[in-house]
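This report walks through a single protein chain. It starts with the overall layout and ends with individual residues.

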Amino acid sequence: MISAAQLLDELMGRDRNLAPDEKRSNVRWDHESVCKYYLCGFCPAELFTNTRSDLGPCEKIHDENLRKQYEKSSRFMKVGYERDFLRYLQSLLAEVERRIRRGHARLALSQNQQSSGAAGPTGKNEEKIQVLTDKIDVLLQQIEELGSEGKVEEAQGMMKLVEQLKEERELLRSTTSTIESFAAQEKQMEVCEVCGAFLIVGDAQSRVDDHLMGKQHMGYRWGFALLARLVLNSCLR
């Protein structure tokens, strides 16, 4: 959970309590309190806030002026910041690639289990539903006989039992329908090759667009693009 101090840092800056002429006057771009990833382009912690891939808040300073000072300095790209940044991005992207592989493995396992035809909860529920239906039919016939004999109270008591059995049958039917719905949906799932999220094949375009423009997907897409650019720059140097 973000503390009140961290929230104020994000909204007003870490030097919010200093006078205007005091702010960061004594902080250089190479100070340990400055985020070196931010100097290289961006801080990865900012990519995935409030997503499943949230890296947590960065405790270091993010300052555009300090980044410009670093880019103009004679030590630009000579102190190893870019190398460390590249290594960190590679670790993040390696993790999402593992997630993508696990997603494919999970879908493959699920499809194999469904195609094997093994009896599952749905089949057992169908058997219970049939047993309840048979009991209800027998009781309804008995109620009809009691009614014809004038045994109204006994027939009413037995009708309450029938209603209870019907409720139990409807509950089983709704459970079976839910299980089948999930199974059908599972067959139509696919894994996003960028961020590893599970997607529904043939989903509405609006939902597809929401995913593509979502913070997690865009974060990994941006990360891959920057990683390729950093690798290219290192090869050209």
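The sections below cover basis, layout, cores, helix 3, cysteines and selected residues.

## Basis of the model

The model is predicted: local features need pLDDT of at least 70, side-chain atom pairs count only at pLDDT 80 or more, and totals for chains, interfaces and linings use all residues. Residues are numbered from 1 along each chain as its sequence is written, and side-chain values use heavy atoms, with hydrogens and water left out.

## Overall layout

The chain has 8 helices and 2 strands. Helices (H or I, at least four residues) and strands (E, at least two) are DSSP runs, numbered from the N terminus. Read from the N terminus, the order is α-α-α-α-α-α-β-β-α-α.

The chain has 237 residues, and 29% of them count as buried. Buried means under 20% relative accessible area, exposed over 50%, and partly exposed in between (1.4 Å probe, protein chains only). The accessible surface is about 16,100 Å², and carbon and sulfur atoms hold 53% of that surface. Areas come from the Shrake-Rupley method with a 1.4 Å probe; for residues, only the protein chains shown count as cover.

Contact means heavy atoms within 4.5 Å. Among contacts between residues at least 6 apart in sequence, 68% join residues at least 24 apart.

## Nonpolar cores

A nonpolar core is a set of buried Ala, Val, Leu, Ile, Met, Phe, Trp, Tyr and Cys residues joined through side-chain atoms within 4.5 Å. The largest such core has 21 residues. Those with the most contacts inside it are Trp 29, Leu 39, Phe 42, Leu 66, Tyr 81, Phe 85 and Tyr 220. Helix 2 (36-40), helix 3, helix 4 (81-115) and helix 8 (215-236) are the elements that give two or more residues to this core. Helix 4 provides the largest share, 5 residues.

A second, separate core has 10 residues, including Ile 136, Leu 139, Ile 143 and Leu 165. In soluble globular proteins, nonpolar side chains tend to be buried together.

## Helix 3

Helix 3 spans residues 64-72, and its Leu 66, Arg 67 and Tyr 70 are buried. These three lie on the same side of helix 3, because they cover an arc of only 100 degrees around the axis. The arc is that of the directions from the helix axis to the C-beta atoms. An α-helix has 3.6 residues a turn, so residues three or four places apart point the same way.

What caps the N-terminal end of helix 3? Asp 63 does: a side-chain oxygen of Asp 63 lies 2.8 Å from the backbone nitrogen of Asn 65.

## Cysteines

The count of disulfides is 0, where a disulfide is a pair of cysteine sulfur atoms within 2.5 Å. For Cys 58, the closest cysteine sulfur is in Cys 43, at 3.9 Å, too far for a bond. Cys 58 is partly exposed, with a relative accessible area of 23%.

For Cys 195, the closest cysteine sulfur is in Cys 192, at 3.7 Å, again too far for a bond. Cys 195 is buried, at 1% relative accessible area.

## Gln 216 in helix 8

Gln 216 sits in helix 8. At 15% relative accessibility, Gln 216 counts as buried. Leaving out residues up to four places away in sequence, Gln 216 touches Phe 48, Thr 51, Arg 52, Ser 53, Arg 99 and Cys 195.

The side chains of Gln 216 and Ser 53 are joined by a polar contact of 3.0 Å. A polar contact is a pair of N or O atoms within 3.5 Å; within protein, one must be able to donate a hydrogen and the other to accept it, and residues adjacent in sequence count only if both atoms are side-chain atoms.

## Positive phi angles

Asn 50 is not a glycine, yet has a positive phi of about 60 degrees. Asn 50 lies in the loop between helix 2 and helix 3. With 76% relative accessibility, Asn 50 is exposed.

Met 77 also has a positive phi, near 60 degrees. Met 77 is in the loop between helix 3 and helix 4. At 27% relative accessibility, Met 77 is partly exposed.

## Pairs apart in sequence

Gln 90 belongs to helix 4 and is partly exposed, at 39% relative accessible area. Gln 90 and Phe 224 are 134 residues apart in sequence, and their C-alpha atoms are 8.8 Å apart in space.

Gly 202 lies in the loop between strand 2 (198-200) and helix 7 (205-212). Gly 202 is exposed, at 76% relative accessibility. Gly 202 and Gln 188 are 14 residues apart along the chain, with 8.1 Å between their C-alpha atoms.
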